[in-house]
Structure formats: C-alpha cells, structure tokens
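Please take a look at the chain shown here. What follows is a short report on its fold and its side-chain contacts.

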Amino acid sequence: MKYFFAALLFLPLNLYSQSYYPGDNELLLMPTAYTMPEKNSYFSDYELLLLNYSYAVTSSTHLSAFSFFPVTTQFYESFTIGFKQKIITYESVQSSVYGTFTPKGSAFSFGDVVSIADRKNSFHFSLGYVRVAEDAKPFIVFMTGLRIDPSEKTSLMLEYENVSSTFEEGSAGMISIGLRIRSTNMSWEIAGMRPLESTGELLFIPLLKVGYYFN
C-alpha cells in the first residue's frame, strides 16, 4: 500500500491530435503530461474516499485540490494543493512538471512526466521526489505506464510503480492493470493492484475510480 499512497501525492495532477477525453490527464494512479483545454475542469473520486479536483487555468496549466472524504473531523488535515505545467509539446511527445503540497506535516512532491503517443496508444514515464512528513526521509518515486485504446470509448492500462526506499530493500515494486470506460463527460475505471513479490493468497487489491469532465 506504500506505493499507492505515494502515487496519490501526484494526483493533483492534449493528446497526439491535441484533443482531450475524460481522464486523459492521468492513468490509474500516475499523472500524464496531458492537460485540459483552458477553463475546463475534472473531478475524480478514488474508492469513494479520495477526492480530487483539477482546473485548467490555461491549456497548459492545471491547479488541483485533493482531500479525503469527510469521514472524521480531521479530514481537513489531508487537504493538498497541486499543479501541473506543460513544458514541452513536440509532435507526439509532451512533458509536464508537477508538484503537490500538504500543509499538515509539510509533505510535498515534485516531478516530471513524459508522454509519448500515437493515435491509439501512449507510453508514460515519470520520476518524482517525495517527502510524506516533515521529519521523514525523502525518497524517489519511479512510475511508468502504458495505455492502449481498443476503441474510442475504452482504454486498457498497465502501470508500474516503485520507490527508492523499498527498492534498496529488494522490493520489485507494484503493478496495476485496469480498464477505463468513458462517455462524453464521464470516465469509469476498475483496476487491480499487486506487489511484485510473494503475497500468499492475495491476487489483486481493487481500485475503483470515477471522474467527471466539466467543459
């Protein structure tokens, strides 16, 4: 689960044809380099408990707000702000820098993501620097992902994540496999996550996500 929560720090987070479809600004957990058209926004809900809202200040700049659902009176301690700024758009290659900051504990993240796409497939690679608490040792998060679009309404996604602190201990990281189904404004995703190591009878940890695109 450490990989899952590390990846969530990057959420407050134009394709090859420069078009945008619901959910394009991220894969399952990792961000992509893609951004929404100016003044559009996107709301996503992970596992019913994790809420994220992103707004496109310009067609290359996102501002974000993340929080846990208000289950307890301390939910506000999870409030996180974020940004994503596209810095490169060259033919099928795009790159964006991103970052997040959580006032409680002074947690932060900063990184870069590169996305390479053709008309139906895309590959994504990201390196990020993360500190989860003021007195915690920072670590590096490595993320890579592949998205294949069998049709205009569906995407198959594969992600891999690892963090430097566990890599040094011999961990092989975590893999996620999922399906995205989208309509004009909605995006639904179901996925399974599992560590690449012996987990006994555990096969996959379920991940459910829904998003709405305001345009």
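## Overall architecture

This is a predicted model. The chain has two helices and twelve strands. Read from the N terminus, the order of elements is α-β-β-β-β-β-β-β-β-β-α-β-β-β.

The strands form a closed barrel of twelve, in the order S1-S2-S3-S4-S5-S6-S7-S8-S9-S10-S11-S12. Pairing in the barrel is antiparallel. On average, neighbouring strands of this sheet are turned by 20° against each other, direction ignored.

## Burial and surface

The chain has 215 residues, and 47% of them count as buried. Its accessible surface comes to about 10300 Å². Carbon and sulfur atoms account for 67% of that surface.

Strands of a sheet pair through backbone hydrogen bonds, either parallel or antiparallel. Strand S2 covers residues 50-58 and pairs with S3 in the antiparallel sense, over eight bridges. A hairpin of two residues joins S2 to S3. Across this pair, Tyr53 stands opposite Ala65 in S3.

S3 also pairs with S4, again in the antiparallel sense. Six bridges hold this pairing on record. Here Leu63 has Phe83 in S4 as its bridge partner.

Which residue of S11 is the bridge partner of Ile181? The partner is Trp188.

## Salt bridges

How many salt bridges does a search of the whole structure find? The search finds six. One of them joins the side chains of Glu26 and Lys209, at 3.2 Å from N to O. This pair links distant parts of the chain, 183 residues apart. Glu26 sits in the loop between helix H1 (2-8) and strand S1 (41-46), while Lys209 belongs to strand S12 (residues 205-214). Both Glu26 and Lys209 are buried.

Glu189 forms a salt bridge with Arg180, with 2.7 Å between the closest N and O atoms. Glu189 and Arg180 are buried too.

## A salt-bridge network

Arg147 and Asp149 form a salt bridge as well, and their closest N and O atoms are 3.0 Å apart. Are these two residues buried or exposed? Arg147 has 4% relative accessibility, so Arg147 counts as buried. Asp149 has 13%, which is under the 20% cut-off, so Asp149 is also buried. Salt bridges that share partners join Asp24, Arg147, Asp149 and Arg182 into one network.

## Ser78 in the S3-S4 loop

Ser78 lies in the loop between strand S3 (61-68) and strand S4 (80-90).

The side chain of Ser78 makes a polar contact with the side chain of Ser67, at 3.5 Å. Leaving out residues up to four places away in sequence, Ser78 touches Phe66, Ser67, Phe68 and Thr102.

## Asn52 in strand S2

Asn52 lies in strand S2. Its relative accessibility is 2%, so Asn52 counts as buried. The side chain of Asn52 makes a polar contact with the side chain of Ser54, at 3.4 Å. In a regular strand the side chains alternate between the two faces of the sheet.

## Tyr34 in the H1-S1 loop

Tyr34 lies in the loop between H1 and S1. Glu26 is placed in that loop too. At 1% relative accessibility, Tyr34 is buried.

How far apart in space are Tyr34 and Thr89, C-alpha to C-alpha? The distance is 9.6 Å. In sequence, Tyr34 and Thr89 are 55 residues apart.

Conventions: Residues numbered from 1 in each chain as written. Predicted model: local features only at pLDDT ≥ 70, side-chain atom pairs only at ≥ 80, totals over all residues. Heavy atoms only, no water. Salt bridge = Lys/Arg side-chain N within 4 Å of Asp/Glu carboxyl O. Helix = DSSP H or I, 4+ residues; strand = E, 2+ residues; numbered from the N terminus. Buried < 20%, exposed > 50% of the residue type's maximum accessible area, 1.4 Å probe, protein only. Pairing = 2+ DSSP bridges. Axes fitted to C-alpha atoms, helices over the stretch in contact; angles between N-to-C directions. Polar contact = N/O pair within 3.5 Å; in protein donor to acceptor, adjacent residues only side chain to side chain. Contact = heavy atoms within 4.5 Å. Areas by Shrake-Rupley, 256 points an atom, 1.4 Å probe, with all protein chains shown as cover.
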